[in-house]
Amino acid sequence: MKIGLVTDSPADLPLDLADSYGIEVIPAILIIEGQEYVDGVDITREQFYTRLPAMRHHPTTAAPSPLDFAARYQKLLADGYDHIISIHTAEKLTSLVNFARNAAREFNGQVTVLESGSLTLGTGFQVLAAAEAIEQGMGLEAILERVQSTRQRVRVAAALDTMDYLRRSGRVPAAITAIGGLLSIKPVVELREGAVKPISAARTTRHATAALHEFLVSLGSLERLAILHTNAEARAREFLQLLMQDKNRRNIPSEIRLLNVTSLIGAHIGPNGLGFAAVKKELA
Amino acid sequence: MMRKSLDGLALKELVEAGLAWLRTNQQTVNALNVFPVPDGDTGTNMLLTMTSAYNEVSSLGHHSAGQMAAAVAQGALMGARGNSGVILSQLWRGFARALQGKDVIDAPALAAAFAEARDTAYKGVVRPVEGTILTVSKDIAIEAEKAAQETDDPVEVLRRCVRAADESVERTPEFLPVLKQAGVVDSGGKGLFFILEGMVRFIDGESLESPLISVQPLSAMMLENAMEDVEEGQDWEVVVDFRPGNGFELQTFYSRLDQIGTSIQVGEGEGIYRMHIHTPLEKRYEPIDYIMNIGTITKVAMENLLAQMEDIEGRAETSIELANVEPGQIAVVTVSPGSGISRIFASLGVAAIVSGGQTMNPSTKDILDAFENLPTDKIIILPNNKNIVLAANQAKEVTVKQVHVIPSRNVPQGLAAMLHLNPDGDLEKVAEKMTKAIDHVVTGEITVATRTVEIDGVNVREGQVIGLLNGKLAVSSDSLEHACLEFLEKAKAADYELITLFYGEDLKNLEANRIADLVREKYPAQEIEVQEGGQPHYQFIISIE
């Protein structure tokens with residue numbers, strides 16, 4: 001049985017990996033100051049973050065039309081795939097997964113839609129787990145189990161440079177935007193099941209980075225890791241250096257990508273944010 | 001008056017005498033301040049502690065010496081303020097423990113009580129420092145033991161202890177170079193000496209009431225602090241500047257004023273005398289009328305203290321929303337010196353605020369009440385002042401609740417700790433994280449020097465603006481802005497990311513922002529934040545991180 005994979009652009013799967021595994025990526029639509037942009041096509045991540053501070057309205061995302069999903073599924077099936085696994089960004093953050101579910105109904109059980117409960121490479125790593133399982137020739141059940149197992153072990157966290165964007169987004173509980181109160185604060189948060197959960201708060205970049213690092217170390221041995229940033233590559237590189245010098249570096253996988261993160265979450269984080277997506281190693 | 005033993009009632013009388021003599025000499029003890037900054041006055045703190053101790057026994061009649069001592073110790077414990085007050089309360093605790101079950105105090109019992117007092121006080125301090133009240137208590141205990149072997153009269157033992165205390169106090173600068181540098185003896189030790197001396201003066205029938213007449217330099221009069229000890233009924237503060245006429249006699253002057261009011265202070269400088277007094281409403285013009293007869297008045301200031309206090313309290317209460325804590329959650333109690341700082345702490349999730357700081361140290365009971373009024377058993381306290389940490393520890397000892405004391409020595413440290421509060425976390429772990437965080441900040445305090453001195457290699461003239469870096473004198477300057485900029489340079493602010501200026505109640509928002517702009521100009525790479533702190537006496541509290 002030949003199994004194909006579909007995901008969305010906010011999953012942040014690097015293009016080279018998507019290409020080499022033949023994964024279809026459906027781009028999200030960004031709505032910036034009333035205008036629509038196809039993520040990664042009409043506007044790059046760099047352009048997005050450069051413009052972000054000057055945007056008067058909080059940018060939003062929209063899903064492409066359900067027809068787009070159907071067309072991708074159709075194409076894969078026509079190319080000789082027997083089944084499709086379509087893995088998408090947390091439904092609390094975007095309607096992409098609902099569009100996928102609606103489209104999948106027309107394909108008589110040939111398309112399995114999974115909601116990742118995560119975003120950026122938190123979703124992307126689940127897609128990669130599926131891709132590797134497919135390559136190893138696993139059956140559908142076993143592949144879905146791999147994805148489910150990865151989903152449970154995935155962690156995404158971020159150190160925000162400012163609380164402003166989180167406040168402005170209005171999508172985060174007041175309990176979190178209230179952190180820091182009257183003082184300006186750089187919160188460190190975890191994104192889990194589509195919800196933002198505070199880990200720590202700092203008043204300086206240095207302490208925020210340290211708190212993020214501490215959280216990463218607390219996860220123990222990692223199977224996958226990517227350093228995420230919002231137009232702050234220098235900060236991401238520094239963080240990588242920090243990890244390499246760490247006495248716990250044996251807990252860190254050999255391949256670590258640096259990634260300018262999806263604008264879907266970047267709009268909430270704002271420029272100069274640092275974060276990571278990781279998959280914890282399975283307990284032996 | 002020769003007694004071979006002292007009963008409970010005699011002990012009560014001695015405590016009362018010790019309290020009275022300490023009150024009389026309160027300002028003398030207060031003046032023994034090493035650092036030229038307005039801070040918690042040792043004399044006042046010890047007096048409030050002793051007052052609470054005496055209040056506990058004031059209504060007691062015939063009790064055994066052991067019971068009486070236990071009540072004194074209980075009162076001292078609850079009323080303890082400041083480090084010296086806490087140590088004093090621990091002395092009483094040990095004293096009472098040794099007398100447990102004793103009907104009367106004979107010479108050996110008194111020696112044993114002084115020994116136990118010393119041991120308890122030493123144990124109560126994490127790192128005992130010699131040249132302080134602790135050393136004096138040790139010398140008292142040693143002398144008491146020696147004396148008890150030579151006489152069976154407890155009064156004679158006490159008499160020798162007073163002499164030993166006096167000598168011990170004089171030796172304190174040999175142990176503590178800062179005392180020598182500042183040219184003073186240890187204030188806590190001196191306070192303890194006065195308490196014991198008062199007891200002996202009482203036995204000898206000497207007066208405890210009339211204050212030793214002393215005229216201080218005008219500039220040393222710390223009138224702003226007088227606000228904190230307004231006696232009931234003495235609601236008006238009157239300050240009169242005058243040139244005394246011929247035949248001005250200080251003794252007569254004092255005894256006349258003593259009939260009018262309380263909190264009498266007299267200062268002198270360049271031929272001008274300044275008189276300060278608290279009086280009841282109906283007597284507020286009497287000092288003025290009297291002084292008009294003996295000299296030429298140049299200036300009169302009169303203020304309603306109660307109205308002022310209500311004003312301050314009213315201001316503090318507006319728009320502070322404290323965190324609601326559920327049973328089982330962690331609640332943070334913080335000590336705050338100003339309304340703005342209280343508001344910031346509240347916005348960070350503090351559940352209770354105890355007012356206090358440098359110049360007003362809350363008592364163990366104030367802190368304990370805050371603990372008891374919270375609906376949860378898990379409590380973290382931020383003392384935010386080195387002189388309040390001990391009282392916080394003592395409140396922790398008394399309560400049945402689980403309490404962690406984070407040893408924050410100033411406001412920025414307390415705020416840094418608050419960022420790591422997780423109300424639903426494990427109390428031990430959260431406290432550990434918060435404790436670690438207090439080292440994340442460098443703290444500055446900008447204030448006006450209360451006297452001329454050279455400390456830590458910095459020359460300070462009274463009235464100059466000074467800056468303290470992590471509690472140590474770092475800079476002095478003639479202007480506020482220069483003191484701030486010089487301080488930031490000393491603190492190597494350029495190596496940090498964020499400078500937060502909490503401006504005090506004496507400073508207008510505009511002025512604070514003007515200075516902040518100067519700082520911004522000089523530190524373009526740093527973020528500069530300005531917050532209203534509302535703290536008294538300190539123009540700025542600065543946090544560098």
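## A helix pair to start with

Which residues of α20(B) meet which residues of α21(B)? From α20(B) come B:Leu480, B:Glu481, B:Cys484, B:Leu485 and B:Leu488, and they meet B:Ile515, B:Leu518, B:Val519 and B:Lys522 in α21(B). Two residues are in contact here if their C-beta atoms, placed from the backbone, lie within 7 Å. By class, this contact has seven nonpolar, no polar and two charged residues. Ala, Val, Leu, Ile, Met, Phe, Trp, Tyr, Cys and Pro count as nonpolar, Asp, Glu, Lys and Arg as charged, and the others, Gly among them, as polar.

Two packed helices are described by the angle between their axes and the distance between the axes. Helix α20 (residues 480-490) and helix α21 (residues 509-522) of chain B pack at about 35°, with axes 10 Å apart. The axes are lines fitted to C-alpha atoms over the stretch in contact, and angles run from 0 to 180 degrees between N-to-C directions. The crossing of α20(B) and α21(B) is right-handed, the term for a near helix turned clockwise from the far one by less than a right angle.

## What you are looking at

This is a predicted model, in which local features need pLDDT of at least 70 and side-chain atom pairs count only at pLDDT 80 or more, while totals for chains, interfaces and linings use all residues. Residues are numbered from 1 along each chain as its sequence is written, and chains are lettered from A and ligands numbered from 1 in the order in which they are written.

## The two chains

Chain A has 11 helices and 13 strands. Helices (H or I, at least four residues) and strands (E, at least two) are DSSP runs, numbered from the N terminus. The radius of gyration of chain A is 19 Å, close to the 19 Å from the globule rule for 284 residues, so chain A is as compact as a globular protein of that length. That radius is taken over C-alpha atoms, and the rule is 2.2 Å times the number of residues to the power 0.38. In chain A, 45% of the 284 residues are buried; a residue is buried if 20 or more other C-beta atoms lie within 10 Å of its own, exposed if 12 or fewer, and partly exposed in between, with C-beta atoms placed from the backbone.

Chain B comes to 21 helices and 17 strands. Its radius of gyration of 24 Å agrees with a compact globule of 545 residues, and 52% of those residues count as buried.

## Where parts touch

The contact between the chains takes 12 residues from chain A and 12 residues from chain B. On the side of chain A, β10 (195-202) and α9 (205-218) give two or more residues. That side has four nonpolar, six polar and two charged residues.

Within chain B, an automatic or database assignment gives domain 1 (8-203), domain 2 (216-305), domain 3 (319-437) and domain 4 (442-544). The C-alpha centres of domain 3 and domain 4 of chain B lie 26 Å apart, and their contact takes 16 residues from domain 3 and 14 residues from domain 4.

## Two asparagines worth a look

A:Asn108 has a phi near 45°, a positive value in a residue other than glycine. A:Asn108 lies in the loop between α4 (96-104) and β7 (111-115) of chain A and counts as exposed, with 7 C-beta neighbours inside 10 Å.

B:Asn470 also has a positive phi, about 45°. B:Asn470 lies in the loop between β13 (465-469) and β14 (472-477) of chain B, and is partly exposed, with 16 other C-beta atoms within 10 Å.
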